[in-house]
Amino acid sequence: MNVFFQDPWWLIAIKVLALFVILLVWTIFNVWYERRLVGKMQHRLGPIMNGPFGLGQALADGMKLLVKEDFRPKHTDKWVFNLAPILTGMAAFTTWTVIPFGGQVEIFGVSTRLQVTDLPVAVLFVLAIASIGIYGIVLAGWASSSTYAFLGSMRSSAQMISYEIAMGLSIVGVFLQAGTMSTYGIVEAQRTPIIFRLPFVEGEANIGMMGWYALLLAPSFVIYGIAMVGETNRAPFDLPECESELVSGYLTEYSGFRYAMFFLAEYINMATVSAVCTTLFLGGYLPFWPLNLIEPLNNTWFGPIWFVIKVQLLFSVFVWLRGTLPRFRYDQFMDLGWKRLIPISLLWIVMIAFAPRYTLALAVALVAILVAFAPRKKEPERVPPVDPNEPFDAFAGGYPVPPRPGQVLPELAGVIRSEIIAPTENEEK
């Protein structure tokens, strides 16, 4: 057990309880925050009626789902139907046990870190638990005995395979650079600043910047950012719950508290992938540059503040995408995952494996390669000029087609049209 828990049992219990309360309150806030931000983007107010600034609206929605009638369709698989939302909700909470909110502190005389626990392979643990959460969606669609729900679960399984591969490959660069899979170790590895020597200046004239892997491993950061949107089923990748095609996808047959579990898990998962992105690429609980150069702001107890600000900014990107981009087609979605993200990730890993100290130059080289070998747009075929003397039949293909400029309908077409659509007596009058 020493591998999993390095603290006394009572301190672990306090951390777990605090984490549970923080996630619930943060989720309620994020529901309100998303509505307000989307409202600003769409030039409307968002929730304003219940409580100050409409803060009570998300709480009222949660209470409504708790007391709403919770029924199960007749031909569903009872045990799997009930297990699916529990599985998804449990996975959403479990991932946060290895996310560091801060560094080493002292609580009630015990030296500990501001995280529940840390593992030598903590990032792999995060990927494993995220996969379990996807299984909840797959089982929900399978157990619902509904065509729409089943199609949504099939899309979710394909999405899991496609984008988890790209997400896992994007993290390999972080392992190579940091030399560890521990979340705490990865954050501390980003504490070392990047040094740029000023040209034409002698001596110690250097500029120190933050050593975040979002800069050193920019391609990995971009690939992970795209994959995390696909992993959370959010717009423009919300195909498993595509309302315009599948009613509500895998959620079609759910209501009441079981629906609330999926709803809660979706918002916690958005915060989870944002927290993992913050930990791996944005310095975790370390302060922003140039604030990290101010010694008092490097206080360990300020770590959770910097961490929450970074996660909230990434959550705002989710809202921004939802408010601006249309939904992808399914073939476009698969094409992006298999033909773009995975090959680029493999190429990037090979490049940094051979020269890990020159990641910035390799990132520029990778962008140049992608631009050089990017498929060019085909020029549209030129339409031949219209011959006015050529006969034109508007009904040649079985459907009425309007003439193009320069074409004149022949008399035969007018006769056919008059016979097919004969005017009534009232129309003649």
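Predicted model: local features only at pLDDT ≥ 70, side-chain atom pairs only at ≥ 80, totals over all residues.
How much space lies in the largest cavity? About 310 Å³ of space lies there.

## Cavities

Rolling a probe the size of a water molecule over the atoms shows where empty space is left. A search of the whole structure finds two cavities of 30 Å³ or more. The largest cavity is lined by 25 residues. Those that lie nearest its centre are A130, I134, E231, T232 and N269. Four helices, α3 (78-94), α4 (122-143), α8 (218-231) and α10, each supply at least two residues of this lining. By class, the lining of the largest cavity comprises 15 nonpolar, seven polar and three charged residues.

The second largest cavity has a volume of about 30 Å³. Its lining consists of I99, V123, V126, T183, V276, T279 and L280. Which helix gives the most to the lining of the second largest cavity? Helix α10 does, with three residues, and both α4 and α10 supply at least two residues each. The lining of the second largest cavity has five nonpolar and two polar residues, and no charged residues.

## The Second Largest Pocket

The second largest pocket holds about 400 Å³ of space. Its lining is made of 16 residues, and L24, I28, G62, A260 and L264 lie nearest the centre of the pocket. At least two lining residues come from each of α1, α2 (56-67) and α10 (256-281).

Helix α2 provides the largest share of this lining, namely seven residues. In terms of class, the lining of the second largest pocket contains 13 nonpolar residues, two polar residues and one charged residue.

## Aromatic Rings and Charges

A pair of aromatic rings is described by the distance of the centres and the angle of the planes. The count for this model comes to 22 aromatic pairs. One of them joins F29 and W32: the ring centres are 5.6 Å apart and the planes stand at 40°, so the pair is tilted. Both residues lie in helix α1 (residues 9-41), where they are three residues apart, about one turn of the helix.

Is W32 buried or exposed? W32 is buried, because its relative accessible area is 14%, under the limit of 20%. F29, in contrast, counts as partly exposed, with a relative accessibility of 34%. Ring pairs also connect F29 and W32 with Y33, Y259, F263, Y267 and F315 in a cluster.

Charged side chains sit over some of the rings. R234 lies over the face of Y267, at 5.9 Å from the ring centre. Elsewhere, the charged end of R113 sits over the ring of Y184, 3.8 Å from the centre of that ring.

## Annotated Segments

An unreviewed UniProt entry lists several stretches under "transmembrane region", among them residues 79-99, 119-144, 165-187 and 341-374. Two of these stretches can be described from the model.

Over residues 79-99, the chain is 76% helix and 0% strand, and the C-alpha atoms at the ends are 32 Å apart. Over residues 341-374, the chain is 82% helix and 0% strand, with end C-alpha atoms 13 Å apart.

## Selected Residues

L246 is found in helix α9 (residues 243-246). L246 counts as buried, because its relative accessibility is 4%. What separates L246 from A149 in sequence and in space? The two residues are 97 residues apart in sequence, and their C-alpha atoms are 7.3 Å apart in space.

F53 has a phi near 60°, a positive value in a residue other than glycine. F53 is placed in the loop between α1 and α2, and F53 is exposed, with a relative accessible area of 59%. S145, in the loop between α4 and α5 (147-178), has a phi near 55°, which is a positive value in a residue other than glycine.

Note on methods:
Residues numbered from 1 in each chain as written. Heavy atoms only, no water. Phe/Tyr/Trp six-rings, centres within 6.5 Å; stacked < 30°, edge-to-face > 60°. Buried < 20%, exposed > 50% of the residue type's maximum accessible area, 1.4 Å probe, protein only. Lys NZ or Arg CZ within 6 Å of the ring centre and 35° of its normal. 1 Å grid on protein atoms, 1.4 Å probe; cavity = no way out; pocket = protein on both sides within 12 Å on 5 of 7 lines; lining within 4 Å. Points joined across faces, edges and corners; volume = space filled by probe spheres on them. Nonpolar A, V, L, I, M, F, W, Y, C, P; charged D, E, K, R; others polar. UniProt positions renumbered as here; feature names shortened; annotations may be inferred.
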